[in-house]
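Please keep the sequence and the structure in view while reading.

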Amino acid sequence: MNINKKSINKNNKNNNSNNKINENRKPNDLINETSPYLLQHAYNPVNWHPWNEKSFSLAKKRK
C-alpha cells in the first residue's frame with residue numbers, strides 16, 4: 001500500500017483547523033446525537049434540537 005505523506009499531513013492540517021474552529025463555537029443540542037449527519041450540524045449557528053420528548057415539550061411550552 002502506497003501512502004502519500006503529503007495527503008496525510010494535509011488531512012491532519014484540515015482536521016486540526018476544524019477542531020480550532022469548533023473550539024470557539026458553542027454546540028447546539030445535536031452535539032449529543034449519534035448520527036453522523038446530525039453531528040455535522042452540531043456547531044451550526046442555528047439552535048437545532050433533536051426530535052425527542054424534551055424538544056416536543058419545549059415546543060408546546062413556546063406554542
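How many helices and how many strands does the secondary structure of the protein chain come to? The answer is 3 helices and 0 strands, where helices (H or I, at least four residues) and strands (E, at least two) are DSSP runs numbered from the N terminus.

## Basis of the model

This is a predicted model, in which local features need pLDDT of at least 70 and side-chain atom pairs count only at pLDDT 80 or more, while totals for chains, interfaces and linings use all residues. Residues are numbered from 1 along each chain as its sequence is written, and side-chain values use heavy atoms, with hydrogens and water left out.

## The chain as a whole

Read along the sequence, the protein chain follows the pattern α-α-α. Of its 63 residues, 8% are buried, a term that means under 20% relative accessible area, whereas exposed means over 50% and partly exposed lies in between (1.4 Å probe, protein chains only).

The accessible surface of the protein chain comes to about 6,100 Å², and 52% of this belongs to carbon and sulfur atoms; the areas come from the Shrake-Rupley method with a 1.4 Å probe. Among the contacts with a separation of 6 or more, residues 24 or more positions apart account for 3%, a contact being heavy atoms within 4.5 Å.

## Two buried loop residues

Asn28 lies in the loop between helix H1 (5-23) and helix H2 (36-39), and because its relative accessibility is 5%, Asn28 counts as buried. Leaving aside residues up to four places away in sequence, Asn28 touches His41, Ala42, Asn44, Val46, Asn47 and Trp48.

Pro50 is placed in the loop between H2 and helix H3 (53-62), and with a relative accessible area of 9% Pro50 is buried. With residues up to four places away in sequence not counted, Pro50 touches Asp29, Leu30, Glu33 and Ser55.

## The aromatic pair

The structure holds 1 aromatic pair. Trp51 and Phe56 form this pair, which is edge-to-face, at 5.7 Å centre to centre and 90° between the planes. Rings of Phe, Tyr and Trp (its six-membered ring) pair if their centres lie within 6.5 Å, and planes under 30 degrees apart count as stacked, over 60 as edge-to-face and the rest as tilted.

Trp51 is exposed, with a relative accessible area of 77%, whereas Phe56, at 36% relative accessibility, counts as partly exposed.
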